[in-house]
Amino acid sequence: MTTRPPCEISWFSALCDDDYEFLGQPDARLQSSWAHCRDIVLQAETGGFDNVLLPSGYALGIDTTAFAAGMAPLLRQMRMLMAVRIGESWPPQLARQIATIDQMMGAGPGGLARLAINIISSDLPGETLASGPRYARTLEAMIILRTLLDGQPLDHQGEFWQLRLDPPRVGTVSGRCPPLYFGGLSDAARDAAAQGCDVYLMWPDTMEGVRGIVADMRARAAAHGRTLKFGYRVHVIVRDTEEEARAAADRLLSKLDDATGAAIRSRSLDSQSAGVRRQAELREEAARQDGYAEANLWTGIGRARSGCGAAIVGNPDQVLAKLNAYRAEGIDAFILSGYPHAAEADLFARHVLPRIDHAPLAV
């Protein structure tokens with residue numbers, strides 16, 4: 001019998017105006033603000049989560065880097081996964097910001113970094129760069145960040161940046177670049193991930209789909225002499241019984257009309273990406289099965305959300321079994337969320353988290 005190492009269990013703080021009681025129905029109480037998003041993060045730490053994703057968007061919500069700096073002194077042990085949008089960043093300045101926040105957080109047990117970085121291959125707002133060049137720019141940024149945050153002099157002569165620099169005086173607590181989490185389904189995205197990131201993130205898919213992505217990414221990374229860890233971003237709805245969980249899922253959509261859902265999806269800057277298209281395909285394939293792509297994987301979330309568009313729905317035993325099935329396919333880290341985020345974090349923390357072997361991911 002093979003013993004799996006602990007998996008990382010992260011929650012999600014809704015910095016991008018993505019918190020609802022009823023999907024598609026804005027609620028002033030749940031709108032992104034310092035206080036609301038802070039409370040979600042503190043709820044996740046109290047609940048025992050290992051990490052929390054701080055998402056980033058240009059048009060919506062509050063600034064992620066500023067928020068992370070504000071949260072750093074408030075957390076006792078939980079990690080933060082700070083999303084950064086490469087299209088809006090100058091990598092040497094971003095390296096200084098990352099190093100400073102890393103120092104504010106300090107080291108975790110065993111000297112593990114408490115700050116991790118979610119790399120987003122974004123455009124500069126107002127520009128549209130084709131997928132291939134945009135991911136090439138993102139790979140350059142990952143190389144620059146890793147070199148500088150590893151404390152090494154930089155001589156980078158790329159297509160997008162030509163830089164000769166010493167590393168910033170302010171370094172990370174560990175002296176190394178924090179783990180880089182990154183995802184994308186296109187060939188260009190997968191190639192960039194294989195060469196540049198530490199943790200390859202994927203959005204919900206069927207178990208067969210997850211298996212195929214993991215195999216493909218392992219092969220691509222091996223071609224560059226590298227190995228990857230794998231993360232899975234998904235929503236969750238857990239209740240005492242499966243019937244109650246399904247009823248909660250139905251309630252979440254009970255005030256949504258199709259026009260509002262389509263408008264929400266189209267507002268996203270990544271609404272045409274390969275990953276978003278796959279979420280739409282998954283939702284269409286599940287339409288004949290009450291929105292369930294396979295057992296306990298419900299795609300209704302995607303009716304009012306671009307990007308991560310499915311939820312694990314079930315009782316505690318079913319949710320735990322689903323997570324362990326993903327672990328058996330090679331998933332090392334989960335980034336979970338639910339609506340409203342603080343309430344669902346509490347439910348997951350009470351019903352499932354104590355039953356799964358979890359710890360901050362060592363990279």
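Strands β2 (residues 51-54) and β3 run parallel and are joined by two bridges. Strands count as paired here if DSSP finds at least two bridges between them. The helices (H or I, at least four residues) and strands (E, at least two) are DSSP runs, numbered from the N terminus. Within this pairing, L54 stands opposite M82 in β3.

Before going further, a word on the model: it is predicted, so local features need pLDDT of at least 70 and side-chain atom pairs count only at pLDDT 80 or more, while totals for chains, interfaces and linings use all residues. Residues are numbered from 1 along each chain as its sequence is written, and side-chain values use heavy atoms, leaving out hydrogens and water.

**The strands**

Strand β3 is mostly covered, with six of its six residues buried. Buried means under 20% relative accessible area, exposed means over 50%, and partly exposed lies in between (1.4 Å probe, protein chains only). On one side of β3 you will find M80, M82 and V84, and on the other L81, A83 and R85, all of them buried. As a rule, side chains in a regular strand alternate between the two faces of the sheet.

Strand β13 (residues 333-337) is mostly covered too, since five of its five residues are buried. A333, I335 and S337 point one way, and F334 and L336 point the other way. Which strands pair with β13? Strand β1 (residues 8-12) runs parallel to β13 and is joined to β13 by three bridges, and strand β9 (residues 229-238) pairs with β13 in the parallel sense over five bridges. A333 of β13 is the bridge partner of E8, and A333 is also the bridge partner of G231.

S10 is found in β1. At 1% relative accessibility, S10 counts as buried. Leaving out residues up to four places away in sequence, S10 touches F49, N51, V52, F334, I335 and L336; contact here means heavy atoms within 4.5 Å.

**The cores**

Which residues of the largest nonpolar core touch the most other members? They are F49, M80 and F348, in a core of 94 residues. The largest share of this core, eight residues, comes from α4. Apart from it lies another core, of 16 residues, among them A248, L252, L256 and A304. A nonpolar core is a set of buried Ala, Val, Leu, Ile, Met, Phe, Trp, Tyr and Cys residues joined through side-chain atoms within 4.5 Å. In soluble globular proteins, nonpolar side chains tend to be buried together.

The contacts of F49, not counting residues up to four places away in sequence, are I9, S10, W11, A44, M78, A345, F348, A349 and L353.

Helix α3 (residues 91-105) has 15 residues and reaches 21 Å from its first C-alpha to its last, close to the 21 Å expected at 1.5 Å a residue. That expected span is 1.5 Å times one less than the number of residues. The buried residues of α3 are P91, P92, L94, A95, I98, A99, I101, D102 and M105. They are covered by elements including α2 (64-71), β3 (80-85), β4 (115-120), α4 (131-149) and β6 (162-165). Just after α3, G106 takes a positive phi of about 80 degrees.

T147 is found in helix α4. A polar atom of the T147 side chain lies 2.9 Å from the backbone oxygen of I143. Leaving aside neighbours within four places in sequence, T147 is in contact with Q152, P153 and L154.

| Residue | Loop | Backbone angle |
|---|---|---|
| P340 | between β13 and α11 (341-351) | omega near -20 degrees, Y339 to P340 |

The peptide bond from Y339 to P340 is cis. D17 counts as partly exposed because its relative accessibility is 24%, whereas N296, at 13%, counts as buried.

**The cysteines**

How many disulfides does a search of the whole structure find? The search finds zero, where a disulfide is a pair of cysteine sulfur atoms within 2.5 Å. The sulfur of C16 is too far for a bond because the closest cysteine sulfur, in C37, is 8.4 Å away. For C177, the closest cysteine sulfur is in C197, at 11 Å, again too far for a bond. C16 counts as buried at 16% relative accessibility, and C177 counts as buried at 8%.

Conventions:
Polar contact = N/O pair within 3.5 Å; in protein donor to acceptor, adjacent residues only side chain to side chain.
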